[in-house]
Amino acid sequence: MTTTAWTAVRVVRDRNAGLCLTAVVISGFGTSALWLASGVWVKDLTGSDGLAALCLLAMWAPTLAGPLLGTLADRTHRRPLLIGTSLLVAGLLLTLGGVDAPDRLWLLYAVLFVYGAAGVVHDAAESALIATAVDRSLLGDFNGLRTTANEGMKLLAPLAGAALYTAYGGAAVACLDAATFLLAAVVYALLRVREDRPRPSAGGRRERTVQAVEGARHLRSHPLLRPLVLAGGATMLCAGWSGALVYAVVEDLGRSPAYAGVLYAVQGAGSVAVGLLSGPALRRFGPRRFAAWGIALLSVAVALRAVPDVALAWVCSAAIGVGLPAVLIATLTAVQRETPAPLLGRVTATADTVVLSPNVLGLAAGAALVELLDHRLLLAAAGAALAVTAALLLRRPARPGPTATAGPSGPATP
């Protein structure tokens, strides 16, 4: 049995790791199904593309408050928080059965906004709990398999959600998502993990702000995490920029807009593959070099998308699927290994804000500029920016600072 296959089996056989991965797959399926169906739901009720796009904005907007929301994961035990958050989301989703006319869309947007905020808290608590519940040697493998599972859900769940929506409407998709969160809550309840007592808090606004700043301070002062998080943000900015150009790429290939779905499927297959390989790659190269080589591959693939060739477009899509998750997996694993347990929730949420928020800005910039400039020039610019990001990340190896040894997992390999 190969090393990659063996470590994947070790993750699945580890009770806590297997349960955490199961919960990720279950809730991820429902989230991916709702992601597509909510926009179609609004489009059918209003006929407006702009109002449909607001669904994504409502779900993404709470990530901007990640540093504050992440403090919740450090002020209470993580397993009960995950169970409670899952039950809250399930209950809110069941209220969407009343959204049957344009004047009831406020309820959908409100639920999606709370859904996004709960997702920020959920991800922070889950990452912190995983760092405690999963063996340190399996963290990279777990995060890779988590990426594989999420990408697999993105290939299957939207199709299932679309089929369910077509047959029974948006309320049925909301019920499906609610059921997945209920199942995830049951899985989290089965975890066997001992958590340290959370640090007591005065609960005032000033105290919460100070706690949020502590997470940002840890990232800024850490010699490994700072460059990884900044590189992640730059990568997601360029990825959003490039993603906004996909329909121009498809048109240049002489295909219909629906062909973009084929390219996304190929990209998803690449992400599934890198998720399986990331554990061994992190052990061999360390998070900094693994992320840098992934960004370098991404830079080449994005730039070559400017060439109007169908076979090359497939290769580039697969390469993007391999390169893009590398920096995300490396960053998350490094955060889990290099952060003291009492800070892990807010540090994770802060890192997610810095890394993921630029994707929205990139999408907006790309969508605006593609109307003004040739998409091939824009792709070349994105590729060049990614190449510079990779070079800067490789330029100077990181050395663990004093904070690296404060966490429960010990220092990561630079």
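The whole structure holds three salt bridges, a salt bridge being a side-chain nitrogen of Lys or Arg within 4 Å of a carboxyl oxygen of Asp or Glu. This is a predicted model, in which local features need pLDDT of at least 70, side-chain atom pairs count only at pLDDT 80 or more, and totals for chains, interfaces and linings use all residues. Residues are numbered from 1 along each chain as its sequence is written, and side-chain values use heavy atoms, with hydrogens and water left out.

**Stop 1.** Select Arg-146 and Glu-126, whose side chains form a salt bridge at 3.2 Å, N to O. Arg-146 is in helix α7 (residues 139-168) and Glu-126 in helix α6 (residues 105-133), so the bridge ties together parts 20 residues apart in sequence. Helices here are DSSP runs (H or I, at least four residues), numbered from the N terminus. Arg-146 is buried, with a relative accessible area of 12%, and Glu-126 is buried at 5%. Buried means under 20% relative accessible area, exposed over 50%, and partly exposed in between (1.4 Å probe, protein chains only).

**Stop 2.** Asp-141 is buried at 3% relative accessibility, whereas Arg-283 is partly exposed at 40%.

**Stop 3.** Select Asp-374 and Arg-376, where a salt bridge joins the side chains at 2.9 Å, N to O. Asp-374 is partly exposed at 35% relative accessibility, and Arg-376 is partly exposed at 39%.

**Stop 4.** Now show helix α10 (residues 225-243) and helix α13 (residues 310-338), whose axes come within 10 Å and cross at roughly 150 degrees. Axes are lines fitted to C-alpha atoms, for helices over the stretch in contact, and angles run from 0 to 180 degrees between N-to-C directions. The two helices are therefore roughly antiparallel, the word for angles over 145 degrees.

To see the contact (heavy atoms within 4.5 Å), select residues including Leu-228, Gly-232 and Met-236 of α10 and Leu-324, Thr-331 and Glu-338 of α13. The contact residues divide into twelve nonpolar, three polar and one charged. Ala, Val, Leu, Ile, Met, Phe, Trp, Tyr, Cys and Pro count as nonpolar, Asp, Glu, Lys and Arg as charged, and the others, Gly among them, as polar.

Key
Parallel < 35°, antiparallel > 145°, perpendicular 65-115°, else oblique.
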